[in-house]
Amino acid sequence: SNPNKKSLVSRLKKQAKAGTVWAQSYFGILLYHTGSGVDGLQLLEKAVEGGHPASCFYLGSTFMLGYHGTPLNYGRAREYLERAMALDDTFINRCRSALVELADMHNEEGEIEASNSILVPLANSGFSPAQLRIAFWLYNQKNDSLAAYPLFKSAVLGGEDRGQIVESAYWSMLCSNSLGRFAIAKLLLPMASKSLSITEKVEEKIRRINNLVAMKKELRSFRKECAMCGTSLDRSNRKLCKGCRNHCYCSRECQKVHWNHKNDGHRAECKEAQELKVQIRDAGVMEKLAKK
């Protein structure tokens, strides 16, 4: 009813018919939202052919979520989202997040191969949410802690929000423990404990509490005897490794022997724990955790 609005729509329609890509996109969205879904989609597809990234993203989201009754089409959704990323770097994070959501939809429908075909390239590119999901699958479904471990760690360092960081830390801690990398598990334990605050299901919260309590108990056991000779320790004779702050010794001599003990691997684990501590600091993980 507004003359100015009608004039703007008329000019937009004229520009779209003339082949102006941005006008095809905007007028296509307008038609789509006002009931002319087929005509709107056709214009948006023309805008896509003209290399318009926003139209690619819009169509990808539309076919993924079924906006306004559009039939779901996961294959086309993926195609459009990946095209948007290729056309414009500013769409990369939005498209990556949408693709992870699409992978979750495949996973919920039992389409594991389709889900992983989306997640693996994203994980290889360093996208933390994808790394976390692939690591979770490797750890829980394939029982492959060794393959999951670096992905869990990378997800902790690359996490952009509190929820993702503490979730990654929790699973990374369990994975470290299963591999016998207790110094890493100890470093991750404080962050992993915060995952209780984002766990809504009661059974899962209880399971996590039990796992965290067991982890603390296991770590405390390292303080009870020398890691080299097995001598009982207490406050009077306990010497803590200053590197990993996990292994304990009865003497400097035992620590030296253990450090050079090829069959134990404490040297590698200790260095890794120190490196991870620096990486956590440099990645600003604790600052991200402090944000509510």
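Confidence. I looked up pLDDT (the predictor's confidence in each residue, from 0 to 100), and found it lowest in helix 1 (residues 3-17), at a mean of 86, and highest in helix 5 (residues 74-87), at 97. I count helices as DSSP runs (H or I, at least four residues), numbered from the N terminus. The protein averages 93, and 98% of the residues score at least 70.

Ground rules. This is a predicted model, where local features need pLDDT of at least 70, side-chain atom pairs count only at 80 or more, and totals for chains, interfaces and linings use all residues. Residues are numbered from 1 along each chain as its sequence is written, and side-chain values use heavy atoms, without hydrogens and water.

Helix 2. I noted its buried residues (under 20% relative accessible area, 1.4 Å probe, protein chains only): Ala23, Gln24, Ser25, Phe27, Gly28, Leu31 and Tyr32. Just after helix 2, glycine 35 has a positive phi of about 105 degrees.

Cores. I took a nonpolar core as buried Ala, Val, Leu, Ile, Met, Phe, Trp, Tyr and Cys residues joined through side-chain atoms within 4.5 Å. The largest has 74 residues, and Phe152, Met173 and Met191 have the most contacts inside it. A second, separate core of 6 residues includes Phe27 and Leu31, along with Ala16 and Leu43.

Pocket. Which residues lie nearest the centre of the largest pocket? I found Asp104, Asn107, Leu132, Arg133 and Phe136, among 15 lining residues. Helix 6 (92-108), helix 7 (112-124), helix 8 (128-140) and helix 10 (162-178) each supply at least two residues of the lining. A pocket here is an open set of points on a 1 Å grid over the protein atoms alone, where a 1.4 Å probe fits, with protein on both sides within 12 Å along at least five of seven lines; lining residues have an atom within 4 Å of a point.

Note on methods
Buried < 20%, exposed > 50% of the residue type's maximum accessible area, 1.4 Å probe, protein only.
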